[in-house]
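Work through the exercises below with the model open. Try each task before you read its solution.

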Amino acid sequence: SWRSDFRGSVIDYGTFPDQGRRYYSLADMNKTLARRYPGVGATGAITKGLTEAVGKLCGRPYRREDDDAELSPSLVLIDANWQTATIRDFCRRLRSTQIVPVHGRYVGASSKPITEYKKGKGEQIGLHWKSSTIERMKHVLFDANFWKSFIHERLGIEFGDRGNLTFFGTEPDAHRMLAENLVAEYRVRVENTATGRTVDEWKHKASRPDNHFLDCLVGCAVAASIMGVTLPEVGGAVGPGRKRRRRRRVSYG
């Protein structure tokens, strides 16, 4: 969840199907979609899993501490870099502007930044993301390198300051698995001498630890930016002509 100045809070996270334990890895998961939906093919199991997981996310209310307001997710981004056709078909059938397929792109020092993309009809370009309509359905593309740096910068800001990111609870060990996912990659500062463009390029560690929750948290931040959350130090969040709406914000990636 995010405030308008990009102060963020990780209020919940997990895996579907629920593994029933605090710490696990992809390699040792014993509760899978195949076991949850026996006799169903891979594509069908993914679709059924998405249906159930998204239903749980969108149907669960959260109460805000300061005023007891009841909140629910306003935008759900689903990573469509894997099983792209399956994800797109799932989102298309829902016909909901709240459920959107998203593609993270590796934009390196030698790449053209998304902020310099030409904006086509009906497209929006924001803070290193772009939304387009493909086959009458909204899609989002974002710069994975920029947003991984953005998340790690949030983690280094003191509690209460603008743009900081915190975690629920008071037991650090409770977030051990999440923390390990967040440091599964490292950044390399790369300069393109031809253009003068310098960026962080993120690399997976040689041991290939799980990084899935890092991707999820990055997606949450992108969703917040799409919804109009801004941090002036790093630029605006929405493309020209988009009206900002005052609304309650909870995002999931």
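**Exercise 1.** Find which residue of strand 7 is the bridge partner of isoleucine 125.

*Solution.* The model is a predicted one. Step one: locate the strands. Strand 6 covers residues 124-125, and strand 7 covers residues 129-134. Step two: read the pairing. The two strands run antiparallel and are joined by two bridges. Step three: pick the partner. Isoleucine 125 is bridged to lysine 130. Step four: check the turn. Three residues lie between the strands of this hairpin, and histidine 128 has a positive phi near 60°.

**Exercise 2.** Continue from strand 7 to strand 8 and state how many bridges join them.

*Solution.* Step one: find strand 8, at residues 137-143. Step two: count. Six bridges join strand 7 to strand 8, and the direction is antiparallel. Step three: name a facing pair. Tryptophan 129 is opposite phenylalanine 142 of strand 8. Step four: look at the link. This hairpin has two residues between its strands, and glutamate 135 takes a positive phi near 50°.

**Exercise 3.** Decide whether lysine 148 is buried or exposed.

*Solution.* Lysine 148 belongs to helix 4, residues 144-155. Step two: apply the cut-off. Buried means under 20% relative accessible area. Lysine 148 has 11% relative accessibility, so it counts as buried. Step three: find its polar partner. The side chains of lysine 148 and glutamate 185 make a polar contact of 2.8 Å. Step four: list the surroundings. Beyond neighbours within four places in sequence, lysine 148 touches Glu185, Trp202, Leu214, Asp215 and Val218.

**Exercise 4.** Describe how helix 4 and helix 6 cross.

*Solution.* Step one: take the geometry. Helix 6 spans residues 212-226, and its axis comes within 9 Å of that of helix 4, with a crossing angle of roughly 95°. Step two: classify the angle. Helix 4 is therefore roughly perpendicular to helix 6. Step three: name the residues in contact. Helix 4 contributes Trp147, Lys148, Phe150, Ile151 and His152. Helix 6 contributes Leu214, Asp215, Leu217, Val218, Ala221, Val222 and Ser225. Step four: sort them by class. The contact has eight nonpolar, two polar and two charged residues.

**Exercise 5.** Explain why strand 5 is largely enclosed by the rest of the structure.

*Solution.* Step one: find strand 5, residues 99-105. Step two: check burial. Five of its seven residues are buried, so strand 5 is largely enclosed. Step three: find a pairing. Strand 4, residues 75-79, pairs with strand 5 in the parallel sense over four bridges. Step four: name a facing pair. Valine 76 is opposite isoleucine 99 of strand 5.

How values were computed
Residues are numbered from 1 along each chain as its sequence is written. This is a predicted model: local features need pLDDT of at least 70, side-chain atom pairs count only at pLDDT 80 or more; totals for chains, interfaces and linings use all residues. Side-chain values use heavy atoms; hydrogens and water are left out. Two strands pair if DSSP finds at least two bridges between them. Buried means under 20% relative accessible area, exposed over 50%, partly exposed in between (1.4 Å probe, protein chains only). A polar contact is a pair of N or O atoms within 3.5 Å; within protein, one must be able to donate a hydrogen and the other to accept it, and residues adjacent in sequence count only if both atoms are side-chain atoms. Contact means heavy atoms within 4.5 Å. Axes are lines fitted to C-alpha atoms, for helices over the stretch in contact, and angles run from 0 to 180 degrees between N-to-C directions. Angles under 35 degrees count as roughly parallel, over 145 as roughly antiparallel, 65 to 115 as roughly perpendicular and the rest as oblique. Ala, Val, Leu, Ile, Met, Phe, Trp, Tyr, Cys and Pro count as nonpolar, Asp, Glu, Lys and Arg as charged, and the others, Gly among them, as polar.
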